[in-house]
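Biologist: Please show me the model. Then walk me through the rings and the sheet.

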Amino acid sequence: MSLLGKIAVITGGAQGIGRGIALRLATDGADVAIIDMKDDKAESVADEIRALGRKATTFRADVGDRAQVYAAIEHAEAELGGFDVMVNNAGVALVGPVADVQPEEAERILHINMLGVLWGIQAAAAKFKARKQKGKIINASSVAGHDGFAMLGVYSATKFAVRGLTQAAAREYASDGITVTAYCPGIVGTDMWVEIDRRFAEVTGAPLGSTYEKYVSGIALGRSQTPDDVAALVSFLAGPDSDYITGQAIISDGGLVYR
C-alpha cells in the first residue's frame, strides 16, 4: 500500500491500459479520478475502485482541450481532497502509410496524444505548485516512441513527442519537487491493438490477427503484454521508490525494443 493516502488522476482511465492503471493504483492505496469521454465505462471503473475500499470520481473531458483538462484537475482535488499523481494515459492510434495521412487524421491524433499530454503536464504542475507540494507526472509513450514503426508513422511521432515533453518538463519542474516520467508499453492485448490489427488487414491485405501475431512472435518473453504489466510500472513510478527518477521514458515490453 505504498500509495496509501495519495490522490491520482488518470486520463483515458475507462478501459484498457487506463483501467488497469486505475485499479492497480487503487489496490496500492490511492483514491482515483477517472477522466474520460466514455461516461458509462468510467463509472464502471469507479465502482470497481470503490469495491476495493478506495474513493473514486469521474469527469468527462476531452484531453486535447486545455480548459477541460484544468477543470478535471479542479474536480479531482475538490472531490477527493487532494492531488498527488497525474497519469496522462489517454491516446489513440493511426494506422496507414505516411503518404496517405489526411489532415483531419493528423489533427485528431496530435490533439489527443501530444496536446493531451502537454495540457496534462501544465495543469498538474500548476496545481502542485499552487498546493506548495511535490508531485508526480507520468506520461504514456510507447516502444513506438523509441523506434518509428512502418504504418504507424504519425502515431510514432506523437510518442516521440511525449518523450521530448517528458524530458523538458522534468528539467523545468525538478526544482519544484515535481518528477516527470513516461512509460513505454509494447504489444498490449487491448481493444486498441484489435483496431490496429484490423487496420493493418485493411491497408495491407494481411489476414486478421496476423499482424498482432507477428509482433507478439518478436517478444523475447513469448507473450503479449497485459494492462496489469503496464500498471505495475506505473504504480512504481507513482510511488516513493521512484522518487529519484525523473525525465526517463521506461520501456516495458517483454523484450521487443532494446535501449
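Modeller: Rings of Phe, Tyr and Trp (its six-membered ring) pair if their centres lie within 6.5 Å; planes under 30 degrees apart count as stacked, over 60 as edge-to-face and the rest as tilted. This is a predicted model, where local features need pLDDT of at least 70, side-chain atom pairs count only at pLDDT 80 or more, and totals for chains, interfaces and linings use all residues. Residues are numbered from 1 along each chain as its sequence is written, and side-chain values use heavy atoms, without hydrogens and water.

Biologist: Which residues do ring pairs link into a cluster?

Modeller: The structure holds four aromatic pairs. Ring pairs join up into a cluster of F149, W193, Y212 and Y215.

Biologist: Which class does the pair of F83 and F128 fall in, stacked or edge-to-face?

Modeller: Both residues, F83 and F128, are buried (under 20% relative accessible area; exposed is over 50%, partly exposed in between, with a 1.4 Å probe and protein chains only). Their ring centres are 4.6 Å apart and the planes meet at 15°, so the pair is stacked.

Biologist: How many residues apart in sequence are the parts that this pair ties together?

Modeller: F83 sits in the loop between α3 (66-80) and β4, and F128 in helix α4 (residues 103-130). Helices (H or I, at least four residues) and strands (E, at least two) are DSSP runs, numbered from the N terminus. The F83 and F128 pair therefore ties together parts whose separation is 45 residues.

Biologist: What are the edge strands?

Modeller: The open sheet of seven strands runs β3-β2-β1-β4-β5-β6-β7, with parallel pairing. Strands pair if DSSP finds at least two bridges between them. Pairing on one side only marks the edge strands, β3 (56-60) and β7 (249-252).
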